[in-house]
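Please look over the sequence and the model before reading on.

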Amino acid sequence: MCFRPRLGLRRITRQVQKWLTRQQYPVSTASVVVQYHEEPDKSEGDGKLYRALTLSNGLRAMLISDPYVDEPSIHRASSESLGSSTEHFQGKLAACAVLVGVGSFSEPRQYQGLAHFVEHMIFMGSEKFPVENEFDAFVTKSGGFSNAHTENEDTCFYFEVDESHLDRSMDLFMNLIKAPLMLPDAMSRERSAVQSEFEQTYMRDEVRRDQILASLASEGYPHGTFSWGNFKTLQEGVDDGELHRELHKFCRDHYGSNRMVVALQAQLSLDELEELLVRHCADIPNSQQNSIDVSQFQYHTAFREQFYKELFLVQPVEDVCKLELTWVLPPMKNFYRSKPDIFISQLIGYEGVGSLCSYLRHRLWCISVMAGVGGSSFDSNSIYSLFNICIYLTDDGFDHLDDVLEATFAWIKLLINSDQLEASYREFQQIENNNFRFQIELPSIDNVQSIVESFNYLPSKDVLTGPQLYFQYEESAVELLRQHINKFNFNIMISSYMPYEENEYDQKEPWFGTQFKTISMPLKWQTMWEQPATLKELHYPQPNPFVTTDFKIHWIESGKPHISRSPKELIKNDLCELWFRQDNIFKLPDGYINLYFITPLVRENVKQYMLGVLFTYLVEFRMAEQLYPALEAGLTYGLYIGDKGLVMRVSGYNEKLPLLVEIILNMMKTIELDAAQVNAFKDLKKRQIYNALINGKTLNLDLRLSILENKRFSMISKYEAVDDITIEDIKSFKDNFHKKMFVKGLVQGNFTEAQATELMQKILFTYESESVDNLSALDNHLLQIPLGSHFLRAKSLNEDDSNTIITNYYQIGPSDLKLECIMDLVELIVEEPFFNQLRTQEQLGYSLGIHQRIGYGVLAFLITINTQETKHRADYVEQRIEAFRSRMADLVLQMSDTEFLNIRETLISGKKLGDTSLDEEVLRNWSEIVSREYFFNRIEMQIQTLSNLSKDDVLNFLYDYDKNNLRKLSVQVVGNHTQTADSTAQASRSGSLSNLLDDVQDDIANELVSAKPMTDKIRLEFLGESDDPSSIKDIYAFKKSLYVFPLFNTNPNLAKKS
């Protein structure tokens, strides 16, 4: 697996002048000079229009017009599928991104984190719009979203909003750039926000690794700082008056039009977008300083000699063994046309037959191998690029570290000195050409972010192609990389909870408290590098058999026939149901095949469920080597456990997807189990469950669902069930899960009905199952919470964690369209006041949310806050949540009729937005199929229902709920209230074991795992008074007398409520 960095290049532009003298511009912009640049090269399927330009104040911009193109056959299909409704779903949110060319490299050393602090303070009002958070509030109420992030060399702001509100949003935001207030009163609150972000990253090993490397920066180099900022750098010993002056000076010095890049996307024409840009941006003043001059810095002297000469042994937060090799290269963004770093990283990270990853996995020595220049600005900037090879080791691999390094060195030498490099490059080039030609459209907000980052370095012509395509093979560029990598001149870092060769960690990195030690680089490793072994199991990657060659679009080939918006049921019998929809909207050679193998076995007991979990992991593990080329060729696959059975999902270029399904089915049927692999997976699965529970958010969710669901296998019961599982049990599961089975299927995309039917027939032929006796008996149900308030309080399982997670679950009852739409309105109305009151004003927590949930046909809404017990006690925060909820009706009542209608129209407009990708449409259809609601026109019906809802409807619901139907379950996972601020306690978060296959699911490298020792039993400590009837101390006792809801169907055409 290889990292895919963000690429860029110094600006190379061809300019053409044009004077704008439009009368509608203000007088101050009537004589604005606009210089136009080459349009970017785009893929053949990209219907958007682009205009690149520079204003006379130096601001560069890319305008993206994304007009709706009416397709008559799609129009007919849409109208027909809506019944009485004639709504169309072609709308898209408008989006804007602004990249300012300044980051932490430019901040004064005495105020580390200042650039990040400025990013926060910018939002606190402007001279024209002085109300704090007015921009955020407007965007939220307009159905949009905004955010920002600070890097080493730039700061990026971005927002999306309904197009009708784009003009106002730009006026609000650009004034924050032109004349931000940044008042002293706001400093303490935003310092707390910066501190909260620091605390959230405090336990992340990748951030800790970067800070250790930053400490090795050569004197005077700007990457040797602490860029996050916290109370220590922005408050302790800091004069607030001086800091306030520095904030404004930093803005004057660096926030200027000459250092800004803007990307603006909407369905408006290019001329309309240009008018917006000029009107709002032409009067942005220049910065008082130019960008930092990086020519004074050289990549080969960016780090001190210690970086290369000593071995770094690091104690991680994660319970992982990790080996990292890091080379310092020149800035690779300058080589964007040939991409030698990405090319070589794809070869090093290859996981197919003959690869390093395969060699190590066969011996159960490694979990994954990754390579490349990372995407962070610490890894890749204008001074240097860090090329990294990261190997996640098993405990046995750590014990065989010399053997792992021997194989790694042999693999590197084999690849970079091969005479087959150019042939491999041509293959990768073909794959990336295909991916670009048939690229999936990004949501607007993601697209504008990507474009400003590219346009910051690339010539306008290459803004779209530069980050993706292999333009041409350049031997000189490959040779440059070869020369650097061939030298034994790189950093080696070993992260392991148990020290390497019993070395004691005797140093501490000051900002994150990371324990580490340095020792001299072992001479045996240098000898191993200079005299690499020849290992017969390692060989150069073979040509990829999964590269797609057939790109015909079946819908177009068949004459663009009428296609219903809803999937069509092709087969329905006692053994299966098959749904199908041929794509006529995105017109890409892509497809999705979703299969649900429903079996009573996984509902029998928790052991059978966990057998299913381990079976899916073992199947994926055994296929990983064979199917890695499919991943490289643009296909994806996954096999995982569902509530009622096994779920298979394959997607990507449609040509080879049926073959992919056959390979997975064959492995499921014929897999030969290995005892060592079974034991390894059992151990890792227990570790993952344990670490998931150590995480307060996961424990909170599991406790809540353990109360609400009639039949639920809790995570603790899953943990305890693993030990009793044997290889014979898994063999039995493999041989029996399909004996009685029902298969649900959805085939959607660039397929024909015949292909879908043939696929289902192959599945039925493969297993020859009997029908399930009673499918409805496998359904789960929700329990009705008693009237009033009930509390489940449990101590966090991590005694060193101060985080407290509070979720108040307010159960409403059986859901229907009207109730769903009322709650949609309530959520949109109260979201901004909720964040402003509880986060901004009361500072109860940085991470919080309010949203509705429908489970098994029962509607509820949830309010969640992640706070720190050291700052606010759980009972106090819960009281503040309840206080806010109790005044939600007042927030609605205070709205004028016009404001309510505007909110309602914003919500309707949001529901009218078209899907940005086939994946979105498939996920929505699949959810309807799995739930057996088949409410495929749900959104259309919601729009109709919303159009008839009044303010009184919302108020009557809230008043009635508060007076007659309040059913609250407050689940609180309470953190330690005595944790010290500089604690280096271990933290964790949950993940899926199929992370072992990194690219198949998600990368296990991103999963935090606790270093605390596991135990046979996990015991929860419940809090609260035993004589308090509202306090839940025994989940089973509380549940046993509760009413069990029947399964409600919210589809009005199918609903039969009992």
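Helices (H or I, at least four residues) and strands (E, at least two) are DSSP runs, numbered from the N terminus. This is a predicted model: local features need pLDDT of at least 70, side-chain atom pairs count only at pLDDT 80 or more, and totals for chains, interfaces and linings use all residues. Residues are numbered from 1 along each chain as its sequence is written, and side-chain values use heavy atoms, with hydrogens and water left out.

**Annotated domain**
- An unreviewed UniProt entry places "domain: Peptidase M16 C-terminal" at residues 246–418 and 724–907. UniProt positions are in the numbering used here, feature names are shortened, and annotations may be inferred rather than shown by experiment.
- Residues 724–907 are 43% helix and 26% strand, with end C-alpha atoms 51 Å apart.
- Residues 246–418 are 36% helix and 22% strand, and here the end C-alpha atoms lie 54 Å apart.

**Strand β7**
- Strand β7 covers residues 155–161, and seven of its seven residues are buried. Buried means under 20% relative accessible area, exposed over 50%, and partly exposed in between (1.4 Å probe, protein chains only).
- T155, F157, F159 and V161 point one way from β7, while C156, Y158 and E160 point the other way.
- β5 (residues 94–100) runs antiparallel to β7, joined by seven bridges. Two strands pair if DSSP finds at least two bridges between them.
- V98 has F157 of β7 as its bridge partner.
- β6 (residues 145–150) also pairs with β7, antiparallel, over six bridges. H149 is bridged to C156 of β7.
- Four residues separate β6 and β7, which form a hairpin.

**Aromatic pairs**
- Rings of Phe, Tyr and Trp (its six-membered ring) pair if their centres lie within 6.5 Å; planes under 30 degrees apart count as stacked, over 60 as edge-to-face and the rest as tilted.
- The count by this rule is 52 aromatic pairs.
- F343 and Y425 are edge-to-face because their ring centres are 5.2 Å apart and their planes are at 75°.
- That pair links helix α11 (residues 340–348), which holds F343, to helix α15 (residues 421–437), which holds Y425; they are 82 residues apart. Both F343 and Y425 are buried.
- F438 and F551 are stacked, at 4.7 Å centre to centre and 25° between the planes. They are 113 residues apart in the chain, and both are buried.
- One aromatic cluster contains F123, F135, F157, F159, F173 and Y255.

**Charges over rings**
- A charge sits over a ring if NZ of Lys or CZ of Arg is within 6 Å of the ring centre and within 35 degrees of the ring normal.
- R363 lies over the face of Y359, 3.7 Å from the ring centre.
- R208 has its charged end over the ring of Y202, 5.1 Å from the centre.
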